[in-house]
Amino acid sequence: MHRRRFIRNSIGMGMGLAFTPTWVQGQGLPAPTRITDMAAACWFGYYDKFQVDPTGRYALGCRVGFEGRSPSPSDELEIGIIDLEDKNTWRKLGNSKAWGWQQSCMLQWIPGSATEVIWNDREGENHVSRIANIVTGGQRVLPMPVYALAPNGKFAIGTAFNRIQNLRPGYGYVGLPDPYQSTKAPREIGLTKIDLQSGHHELLISIAEMAQLPHLGEDVSNNWHWFNHLLVSPDSKRLLFLHRWRPELLEPQVMARTGFVTRMITLDSDGKNLFVADPSGYSSHFVWKDPKHIFAWTKPIGRDAGFWLLEDQSDNMHPVGEETMTSNGHNTYVPNTNDEWVLNDTYPNKDRDITLYLYHIPTKRQVILGKFHSPEPFFGEWRCDLHPRCDQAGQRVFFDSTHEGTRQMYYLDIRHLVGT
């Protein structure tokens, strides 16, 4: 029923039938600026990556000609660059067959570069990553897919996306089966470090090694394990990832709705000095605040659920925004504000409205940027979270939204609010 209603709404929009956008304007803010033309489903992906180049002129995006279903192995995503200073003109950069609705194809600018971008793709029987130069049009291919890039621009970290797809459908890529789908904790895959120039890669820690590490004193090796949500610290010296496991394999549609256990792990960029940063089992969205601290939604052992600032390689922690940031969201710090301002969103409430907001840590003040309705057909794997992210100067907030009836990209200027 959801699928039929989704198709009917999409066809109605394509025929120019009336549709009333549903959003609530933030106080003192103009309407968000849409930077895509609604001719296709358009979005960026995840909230912890650079969408906009260092100059602030170019935004990355991807688009595809359908919605309301999982990708098939033959579905190609178009990768493009949007000129924000030339009527939001779209220029194609390439394609990808390695993507999902939540994180797209890990599309992002390489840190420190105004000319090179990277995304994941599928070539034959392998996942790869492509680096494209937006000036020359040249491309080169790395032999491994990437998940997160080091802020120094020298290396990436990755993991097996077919393993993720096998155990958490919608967050990996279809098209290549997990070669270890009958193995609970493979030794051959895990956390991989990839040199962005040479493509040289090495396995830093395997899934099997992590499965052997007891969880709160309990043996968890007899479960189905995978890694997810990788990040590199601001000084490029520490790595962070989530180690997750399920007690049993289920049908993909069931696994997409059922829970799993999570612990947050950090280690040096050479694979040494492993530390369980959050053993609670509830680690969710997070970013590095600085080389020593992680800003995460979790429920620490013996504490309330909320956003917490965790000190790496220590038990020290304290809550952040417990007065107003009371629900899970996609949290980042606004650049150039001395980490005083947090950008965040919520999941849809009972009326399917998503709140986009800023939070000022020193004054404990919340500023609502807008509330955006998510139509009922956008649910499950193909839901559209806002995944808000700032440009690199901290002047604009970019986000994906379906409040106009299709998946599109928007931005809001926040300079007058945060002083950037």
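E311 sits in strand 21, which covers residues 306-311; strands here are DSSP runs of E of at least two residues, helices are runs of H or I of at least four residues, and both are numbered from the N terminus. At a relative accessible area of 26%, E311 is partly exposed, a term for values between buried (under 20%) and exposed (over 50%), computed with a 1.4 Å probe on protein chains only. Follow the chain from E311 to E251 and you cover 60 residues in sequence, while their C-alpha atoms lie 38 Å apart in space. N316 belongs to the loop between strand 21 and strand 22 (317-319). N316 also counts as partly exposed, at 47% relative accessibility. Its C-alpha atom is separated by 39 Å from that of F378, 62 residues apart along the chain.

A word on how to read these values: the model is predicted, so local features need pLDDT of at least 70 and side-chain atom pairs count only at pLDDT 80 or more, whereas totals for chains, interfaces and linings use all residues. Residues are numbered from 1 along each chain as its sequence is written, and side-chain values use heavy atoms, with hydrogens and water left out.

Now to the sheets. Strands of a sheet pair through backbone hydrogen bonds, either parallel or antiparallel. For two strands to count as paired here, DSSP must find at least two bridges between them.

Strand 17 (residues 261-268) pairs with strand 18 in the antiparallel sense over three bridges.

Strand 9 (residues 126-133) meets strand 10 in the antiparallel sense over four bridges. Within this pairing, I131 stands opposite R140 in strand 10.

On a 1 Å grid over the protein atoms alone, a pocket is an open set of points with protein on both sides within 12 Å along at least five of seven lines, while a cavity is a set where a 1.4 Å probe fits but cannot get out; lining residues have an atom within 4 Å of a point. The largest pocket has a volume of about 740 Å³, where grid points are joined across faces, edges and corners and the volume is the space filled by probe spheres set on the points. Its lining has 30 residues, with D48, F50, P151, V287 and W288 nearest the centre. Strands that each supply at least two lining residues include strand 7 (108-109), strand 15 (224-232) and strand 19 (286-290). Strand 19 gives the largest share, three residues. By type, the lining holds 16 nonpolar, eight polar and six charged residues; nonpolar means Ala, Val, Leu, Ile, Met, Phe, Trp, Tyr, Cys and Pro, charged means Asp, Glu, Lys and Arg, and the others, Gly among them, are polar.

The structure also holds one cavity of 30 Å³ or more. The largest cavity is lined by residues including W43, W101, R383 and D400. Its lining divides into three nonpolar, three polar and four charged residues.

Finally, what about the cysteines? A search of the whole structure finds zero disulfides, a disulfide being a pair of cysteine sulfur atoms within 2.5 Å. The sulfur of C42 is 8.1 Å from the closest cysteine sulfur, in C62, so the gap is too far for a bond. C105 is in no disulfide either, with the sulfur of C62 the nearest cysteine sulfur at 5.5 Å. C42 is buried at a relative accessible area of 1%, and C105 is buried at 0%.
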